[in-house]
Every structure is written in structure tokens, then in C-alpha cells.
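Open the model in your viewer and keep the selection panel at hand. The stops below say what to select next and what to look for there.

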Amino acid sequence: MKRIVCFLPHLRFTDDFRPYVNDEIKIIYPAENANGRQYSEYLKGSFFSTETLKEIADIASEKYILLYTDISKPNIRTDAVSRMIDIAESTSASIVYSDYCLYENKTRIEHPLIDYLPGSLRDDFDFGPLMLVRSDMMKKCMKESDVSYKYAGLYDLRLRLSCIGEIVHVNEYLYSAKVLETGEDAHSRHFGYTDPKNREKQIEMEKACTAHLKRIGGYLHPEFKDINLNYGKFDYEASVIIPVRDRATTITEAIRSALAQKTDFLFNVIVVDNHSKDGTTEAIDNEAAKDNRVVHIIPERKDLGIGGCWNLGISSDKCGRFAVQLDSDDLYKNEHTLQRIVDTFRKEHCAMVIGSYIITDFNLNTLPPGIINHLEWTEANGRNNALRVNGLGAPRAFFTPLIREIKFPNTSYGEDYAVGLRISREYRIGRIYEPVYVCRRWSGNSDANLSLAQTNANNFYKDKIRTWEVVARIKLNRKKNNAQY
């Protein structure tokens with residue numbers, strides 16, 4: 001076996017790794033968990049700290065560094081390390097990571113991961129707890145690092161490593177770990193980047209991501225194209241767009257929430273009914289019979305996702321100047337939401353407006369973390385930081401002539417994120433940081449209790465969207481730079 005050095009988060013894991021590593025096992029022991037004990041021969045920092053990673057790079061004289069970053073007890077296959085090294089040798093990879101298994105109540109659960117892409121910029125990308133890193137590449141990156149992070153050190157390192165060597169995913173189950181009880185559910189983890197208690201960490205992550213975009217030529221300065229909001233003729237100033245399929249229990253409330261809006265302009269409600277079979281169609285017809293502002297559209301095609309339904313709605317000759325989102329199981333917070341959105345368009349001369357929302361259960365009881373206002377979006381750096389996070393917020397509203405030109409991808413996941421990134425590449429996006437929308441989470445939601453396979457598919461698709469966007473931004477910057485000479 002090639003000589004490697006292995007860094008572990010806890011002294012008790014030494015014997016678990018020793019049979020598979022033909023070298024001294026060095027221990028990284030988090031100081032906050034040391035219980036007063038001192039290990040002068042060991043590191044006493046966090047894997048996420050730049051200073052600790054620099055110390056690891058300095059210590060490692062072997063060709064490869066094995067990092068185990070979790071505190072759950074590992075079980076490593078006898079050939080796991082040699083397999084990872086063989087792949088690293090074959091590919092000249094900077095990082096190698098693999099699928100793994102989890103054990104919960106003695107039940108084996110396979111935990112497959114996804115491939116790393118150039119657009120895998122989100123800081124919560126799942127590598128699993130075991131990573132093999134090329135020592136010389138890590139040393140180079142840490143030597144060039146001029147910022148000391150408390151939380152974003154490992155994130156910054158893998159962004160740097162991705163620039164000088166391939167990050168390789170081994171889709172084989174090479175090890176296992178025990179499931180830890182964290183007291184945090186998937187819902188809370190999903191919105192962790194918006195939680196105020198994580199703000200300091202998120203600022204560091206944004207800084208590391210922005211630096212990476214500058215290194216690869218994908219950073220965009222806060223310079224935007226002007227947009228003429230008076231372009232085109234419309235019978236309505238705004239349209240609330242509601243794509244729906246089989247939401248008989250919620251669609252009436254959604255439509256009435258839209259119709260209750262008080263505005264100084266004409267608006268309508270376009271409901272794109274994607275061949276519902278549970279009574280939704282009849283519920284829409286009932287509301288349309290009471291109020292002629294309700295436009296009921298049933299597509300001729302039967303292969304439309306949410307994005308395809310949006311395209312149908314915005315293409316209608318009854319669509320207003322501004323197309324405003326309302327999901328079929330959500331509500332506007334009050335009767336002033338639509339006016340507030342259109343006022344933001346007029347005031348900021350932007351091509352898109354994104355609001356903030358409150359997360360509730362079906363009975364409108366607030367769920368943690370409560371208000372999702374995406375404070376990570378700023379005028380100066382929002383469109384760069386958007387490549388790091390998994391969403392942009394709600395409700396989303398679009399200047400209709402532009403969104404008709406761009407169009408939505410015909411998917412039912414990530415379609416809003418894709419057009420948001422695309423618009424932000426060239427145009428200003430206005431933000432409303434006070435909640436104007438109520439997002440209800442309940443068992444009937446399409447994103448409730450997703451399987452790991454579906455979560456992986458969703459994450460991979462968004463990473464693809466980011467990859468395409470990064471490539472487009474690099475191309476845009478090159479075109480601008482060439483035009484200056």
C-alpha cells in the first residue's frame with residue numbers, strides 16, 4: 001500500500017483504522033471535546049478550521065491524507081483504503097470519496113452519493129465522512145490560502161482542490177458508520193443556511209465561494225442591464241400564476257387568497273390545471289364561475305411539469321405585465337402582498353422580485369426556523385452567492401416579456417432556481433425581506449419525506465444548473481474582457 005497518513009476526530013477510532021493503514025495514525029481531537037485531557041502529540045482543532053488544515057498539510061509527509069470527519073464510529077472495509085488510493089493513482093484526483101452505509105438499530109442502510117460537478121458549489125455537498133486527499137495538492141492549496149476560516153476551511157480547501165485536480169466519486173460502498181441522533185430533522189437541515197444562528201458560518205461560506213468564483217473567472221460585479229418595464233401592452237398589470245395538480249384540499253384557499261388582494265391596478269389569477277383527477281378541476285371551475293378574474297387553463301399536453309405549466313401561463317394573452325407565483329397549497333400573507341411586489345418592480349426597475357415567507361404546518365402554525373428571508377442575498381453579491389445556496393426564496397415574480405423569452409425548464413423541481421440564476425446573470429433582482437407569503441409544509445407536499453434517491457436526483461439536477469450557469473458566466477466575462485482590448 002502507498003504510504004498515507006490518517007487524521008481522525010477521536011482517539012477511540014485509532015483501532016478501527018489501524019488494520020487498514022500501514023503507517024502511524026495521527027489523531028485530530030476537537031479541543032471542545034477533550035474533557036480536560038491534553039495530547040501534545042495530537043492536533044486539537046476542528047477539520048473545518050483553516051489553521052488545523054494547514055497544520056495537517058505541514059505534518060503530512062506521505063503521498064495521501066485520509067480524513068475521517070464524523071464522530072460516528074466507522075467500519076472500514078479491508079480493501080477500502082487501497083481501493084481509493086488505486087483510483088486516485090489512476091485519475092490523479094485531488095479528492096476521492098465513496099458511497100457508504102449507515103447502521104441504524106442494526107439495520108444496514110445504503111447511502112449512495114452523487115458525482116461532483118464544477119457547479120457543485122453548495123457548501124453542504126455530501127462527500128460522506130471519509131475522504132482521501134492528495135498531500136502535495138493540499139499543501140499547495142493551503143500555502144496559497146490567505147484567509148483563515150473558523151467554519152469554512154474545509155469548504156475553501158475543496159473548492160481550491162477542484163481547480164487543480166479532479167474530485168472523484170467512487171460509487172461503491174467502501175465503509176459504514178452508525179447513525180447519530182442529532183435532534184435535527186431533514187426539514188431543519190434544509191433551511192439551515194437561512195437560520196440566524198448560523199449567520200457567522202454563512203458569511204464565511206459566502207466569502208470562500210466568492211473567492212472561488214473570482215479564481216475561475218465566474219464572478220459577476222454588481223453591474224446590471226437596464227430594463228424597460230413599460231415595454232409591451234397588457235390588459236392586466238399582474239397575473240397570479242398557480243400551477244396545480246390534485247390539490248382539491250388547498251386550491252380553493254389559494255385562489256381566494258389571490259383574489260383577496262387589494263391593488264391600485266387590474267390583476268387576474270391564471271390557474272394551470274395539469275389534468276387533476278381528485279376534484280381540483282371542479283373546485284377551480286366553481287371559483288371561476290364566481291369571479292371572472294379566474295382564468296382556468298387545462299393543457300392539451302400531458303407531459304408538463306411545473307415549469308411547463310408556468311410557460312403555458314405566461315404565454316397566455318391574458319397574462320399581465322408581471323407574473324407572480326402562488327403555489328397551490330400556499331397563501332399570501334395578507335391582502336397587500338401583490339401590491340408590495342408590483343411596487344418593488346416599479347421602485348427598483350428590476351426584472352424579477354423575490355419575497356420572504358413564513359413556514360407553517362397545514363393549520364398555519366409556524367414551524368422552525370419560521371421566517372425565511374434569505375438575508376444572504378445582497379445587492380452587491382447576491383447573484384454570486386446564489387450559486388452556493390439551494391434556493392432563492394418565495395414568492396417569485398417576473399417581468400413577463402423577459403420570462404417569456406427565457407422560459408422555464410419543463411421540470412417539477414429546480415425550475416424556479418434555474419430561471420432565477422439565469423435572470424440574475426444580467427438583470428437586477430429586487431428583494432422583499434419582510435414575509436409576504438405563507439409556505440405550508442404538510443404530508444401532501446411534493447417535497448415532503450423525500451427518499452434519498454429523489455434527494456440525490458434533485459441535488460444533482462441543481463448542481464447541473466449551477467454548472468451550466470458558471471460556464472455561461474465565465475464565457476460572459478471573457479467576452480466583456482475581450483471587448484475592452
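Start with helix α8, residues 251-259, in this predicted model. Most of α8 is covered, with seven of its nine residues buried. Which ones are the buried residues of α8? Select I251, T252, A254, I255, S257, A258 and L259.

Now show what surrounds them.

**Next stop: a helix pair**

Select helix α4, residues 135-144, and helix α5, residues 153-164. Their axes come within 10 Å of each other. The crossing angle is roughly 120°. An angle between 115 and 145 degrees is neither roughly perpendicular nor roughly antiparallel, so α4 counts as oblique to α5. The crossing of the two helices is right-handed.

Show side chains at the contact. From α4, pick M137, M138, K140, C141, M142 and E144. From α5, pick L157, R160, L161 and I164, which those α4 residues meet. What classes of residue make up the contact of α4 with α5? Seven are nonpolar, three are charged and none is polar.

**Next stop: an arginine in a strand**

Go to strand β17, residues 429-440, and select R431. Is R431 buried or exposed? Its relative accessibility is 9%, and the cut-off for buried is under 20%, so R431 counts as buried.

Leave out neighbours within four places in sequence. What remains is E348, I354, G355, N373, H374, W377, L392 and G393. Keep G393 highlighted and draw a C-alpha to C-alpha distance to R431. The two residues are 38 apart in sequence, and their C-alpha atoms are 9.3 Å apart in space.

**Last stop: the whole chain**

Clear the selection and zoom out. The chain holds 15 helices and 17 strands. It has 485 residues, and 56% of them count as buried.

Colour by surface if you like. The accessible surface of the chain comes to about 22,300 Å². Carbon and sulfur atoms account for 49% of that surface.

Finish with the contacts. How much of the contact set with a separation of 6 or more comes from residues 24 or more positions apart? Such residues account for 79% of those contacts in the chain.

Conventions. Residues numbered from 1 in each chain as written. Predicted model: local features only at pLDDT ≥ 70, side-chain atom pairs only at ≥ 80, totals over all residues. Heavy atoms only, no water. Helix = DSSP H or I, 4+ residues; strand = E, 2+ residues; numbered from the N terminus. Buried < 20%, exposed > 50% of the residue type's maximum accessible area, 1.4 Å probe, protein only. Contact = heavy atoms within 4.5 Å. Areas by Shrake-Rupley, 256 points an atom, 1.4 Å probe, with all protein chains shown as cover. Axes fitted to C-alpha atoms, helices over the stretch in contact; angles between N-to-C directions. Parallel < 35°, antiparallel > 145°, perpendicular 65-115°, else oblique. Left-handed = near helix turned anticlockwise from the far one by under 90°. Nonpolar A, V, L, I, M, F, W, Y, C, P; charged D, E, K, R; others polar.
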